[in-house]
Amino acid sequence: MVHESRGADAGSGTSYWYDGADSAVAMLSAVRSFRVADTELRRRMSAEMDMNVTDLAALRHVIAHELAQDPVTPLALAEHLHISGASTSKLLDRLTASGHLARAPHPHDGRSRIVVATDHAHAQVRERLTRMHERMLDIAHEVPLESRRAVVDFLLSMAEHLGSEAIPEKLTPRDRGID
């Protein structure tokens, strides 16, 4: 199967960070291409559903937790999205008004509320994503059985590394007196 390269250094033989002739660089470039495509897909999908990317991320999080039977509180949603309580309240107001989310009593704590996806939201997500997820599974099945564990290990190691990587120090402006 032939894959079109994406990204500034994909397939060019040169890279800002690495020797472009190293086959591991091709793997990193492919990961970068995937991330760009995934980000673009989320942007297009949120626009098509007339919501912003954060709203879509909230909807996906709520649905995933419903499937796991793990109710999501507004506070937990705010923490997941890394947004303030006030921003979460506005987000919930928007998604409630659009018919995607609803607030409901917590099943185990009568003093608390949870956020649930509506039937409308589930229908929209299924309508827009079923074909894509079927094709993604087809592509995953194309990876030889003996290679799948290595692919999984690689991706999980990359995710762990990126998740634990320290944020670099803030860039400082150049001293104007030196050229």
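**Getting oriented**

The protein chain has six helices and two strands (DSSP runs, numbered from the N terminus: helices are H or I with at least four residues, strands are E with at least two). This is a predicted model, in which local features need pLDDT of at least 70 and side-chain atom pairs count only at pLDDT 80 or more, while totals for chains, interfaces and linings use all residues. Residues are numbered from 1 along each chain as its sequence is written, and side-chain values use heavy atoms, with hydrogens and water left out.

**Exercise 1.** Find the pattern that the protein chain follows along the sequence, and its mean pLDDT.

*Solution.* 
- Step 1: Read along the sequence, the pattern is α-α-α-α-β-β-α-α.
- Step 2: The mean pLDDT (the predictor's confidence in each residue, from 0 to 100) is 88, and 89% of the residues reach 70 or more.
- Step 3: Over residues 1–11, the pLDDT is below 50. Where pLDDT is low, the predicted coordinates should not be read in detail.

**Exercise 2.** Describe how helix 2 and helix 4 meet.

*Solution.* 
- Step 1: Axes are lines fitted to C-alpha atoms, for helices over the stretch in contact, and angles run from 0 to 180 degrees between N-to-C directions.
- Step 2: That makes helix 2 roughly perpendicular to helix 4 (65 to 115 degrees).
- Step 3: Helix 2 makes the contact (heavy atoms within 4.5 Å) through Thr-54, Asp-55 and Ala-58, and helix 4 through Leu-91, Arg-94 and Leu-95.

**Exercise 3.** Work out which residues have the most contacts inside the largest nonpolar core, and which element gives the largest share of this core.

*Solution.* 
- Step 1: A nonpolar core is a set of buried Ala, Val, Leu, Ile, Met, Phe, Trp, Tyr and Cys residues joined through side-chain atoms within 4.5 Å; buried means under 20% relative accessible area (1.4 Å probe, protein chains only).
- Step 2: The largest such core has 20 residues, and those with the most contacts inside it are Met-49, Leu-59, Val-62, Leu-77, Leu-91, Leu-101 and Ala-117.
- Step 3: Helix 2 gives the largest share, five residues.

**Exercise 4.** Is Thr-88 buried or exposed?

*Solution.* 
- Step 1: Thr-88 is found in helix 4.
- Step 2: Thr-88 has a relative accessible area of 2%, so this residue is buried.
- Step 3: Leaving aside neighbours within four places in sequence, Thr-88 is in contact with Pro-74, Ala-78 and Ile-83.

Conventions
Angles under 35 degrees count as roughly parallel, over 145 as roughly antiparallel, 65 to 115 as roughly perpendicular and the rest as oblique. Buried means under 20% relative accessible area, exposed over 50%, partly exposed in between (1.4 Å probe, protein chains only).
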